[in-house]
Amino acid sequence: MATSVALSKMAEKMKLECITPEIDISKYKIITTEVNRPALQLTGYFDHFDADRVQIIGYVEYTYLEHMTREEKLKIYELLLSYQIPCLIYTTMTTPDPDMLELARRYMIPIFMTNRATSAFMAELIRWLNVELAPCISIHGVLVDVYGEGILIMGESGIGKSEAALELVKRGHRLITDDVVEIRKVSDETLVGSAPDITRHFIELRGIGIIDVKTLFGVESVKDTGNIDLVIKLEEWDRNKEYDRLGLEEEYTEFLGNKVVCHSLPIRPGRNLAVIVEAAAVNHRQKKMGYNAAQELYNRVQQSLMRNMKKHTEE
């Protein structure tokens, strides 16, 4: 689980202009996904103030400060910065005054600027921090994007996960990660998968070695991150085991407390894994849209039985 994210990484991702370049931000960390617009704090109320949050001065806060005397502003600036906040960001084309810059340098508080509107910027920053600071685990598997559905393929080493992913890429789908999948819990409903930086866009094929999917098939064949919508577990065919042939009841697997629909897929020579994964992705998408083929078949069988029973009764 990531407990912090570098302030320098946030500044680069959000395209922030640092106006205190003399402050070295390489060691500064953000430890919470929450951000704060210090409205009450500008009036002098600092009870329950969470100083760990990124502080944002928008147009409303800026114009409020403009109506204060210099002495009042200095008092508020000193109070705010003395809490050792991680940084202060001015949005909507607002700029800090010289007094704020001087105090920020004294307290070693980085100050940034962005021309983006406050609400839109806050929404994007919170979304990004939620991903970066989300609980994270690493598992063995392959994650591919098939018709917009994130399919996590799992199974024992050597069972054919990478080969299935390569065939799917050749059929126009996108690889997210091979071998190691980093799963982040972004919300109670959403799991996001990505590749470790060192193996991104690579696939390992036994007997051939490492191939670079992005180089071989182009940038349209890869994707950096993707939601995990469906899990497919590949397993050796067991003649004595009964496999689900209707799919009336969903099976689930759990990651970080979130449940994901899971299908167990028996492997036998001659089965085209890529086609089966495509069908599973489309079927799952269809279920999310309200249509269940297995339930439709069940309803037809029930209606046929009812008609036959009615016919026999009449006779």
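**Close-up 1. Phenylalanine 46 and phenylalanine 49 are both buried.** The model shown is predicted. The two rings have centres 5.4 Å apart. Their planes stand at 90°, so the pair is edge-to-face. Phenylalanine 46 has a relative accessibility of 9%. Buried means under 20%, so phenylalanine 46 counts as buried.

**Close-up 2. Phenylalanine 46 also pairs with tyrosine 83.** Here the ring centres lie 5.2 Å apart. The planes meet at 5°, so this pair is stacked. The pair links distant parts of the chain, 37 residues apart. Phenylalanine 46 sits in the loop between helix 2 (39-42) and strand 5 (54-57). Tyrosine 83 sits in the loop between helix 4 (70-82) and strand 6 (88-90). Tyrosine 83 is partly exposed, at 35% relative accessible area.

**Close-up 3. Phe46, Phe49 and Tyr83 form a cluster linked by ring pairs.** A pair of aromatic rings is described by two things: the distance of the centres and the angle of the planes. The structure has three aromatic pairs in total.

**Close-up 4. The structure holds one cavity of 30 Å³ or more.** The largest cavity has a volume of about 40 Å³. Which residues line the largest cavity? They are Tyr62, Leu65, Glu66, Tyr77, Tyr90, Thr95, Pro96 and Asp97. Helix 3 (residues 59-66) gives the most to this lining, with three residues. By class, the lining has five nonpolar, one polar and two charged residues.

Key
Residues are numbered from 1 along each chain as its sequence is written. This is a predicted model: local features need pLDDT of at least 70, side-chain atom pairs count only at pLDDT 80 or more; totals for chains, interfaces and linings use all residues. Side-chain values use heavy atoms; hydrogens and water are left out. Rings of Phe, Tyr and Trp (its six-membered ring) pair if their centres lie within 6.5 Å; planes under 30 degrees apart count as stacked, over 60 as edge-to-face and the rest as tilted. Buried means under 20% relative accessible area, exposed over 50%, partly exposed in between (1.4 Å probe, protein chains only). Helices (H or I, at least four residues) and strands (E, at least two) are DSSP runs, numbered from the N terminus. On a 1 Å grid over the protein atoms alone, a cavity is a set of points where a 1.4 Å probe fits but cannot get out, and a pocket is an open set with protein on both sides within 12 Å along at least five of seven lines; lining residues have an atom within 4 Å of a point. Grid points are joined across faces, edges and corners, and a volume is the space filled by probe spheres set on the points. Ala, Val, Leu, Ile, Met, Phe, Trp, Tyr, Cys and Pro count as nonpolar, Asp, Glu, Lys and Arg as charged, and the others, Gly among them, as polar.
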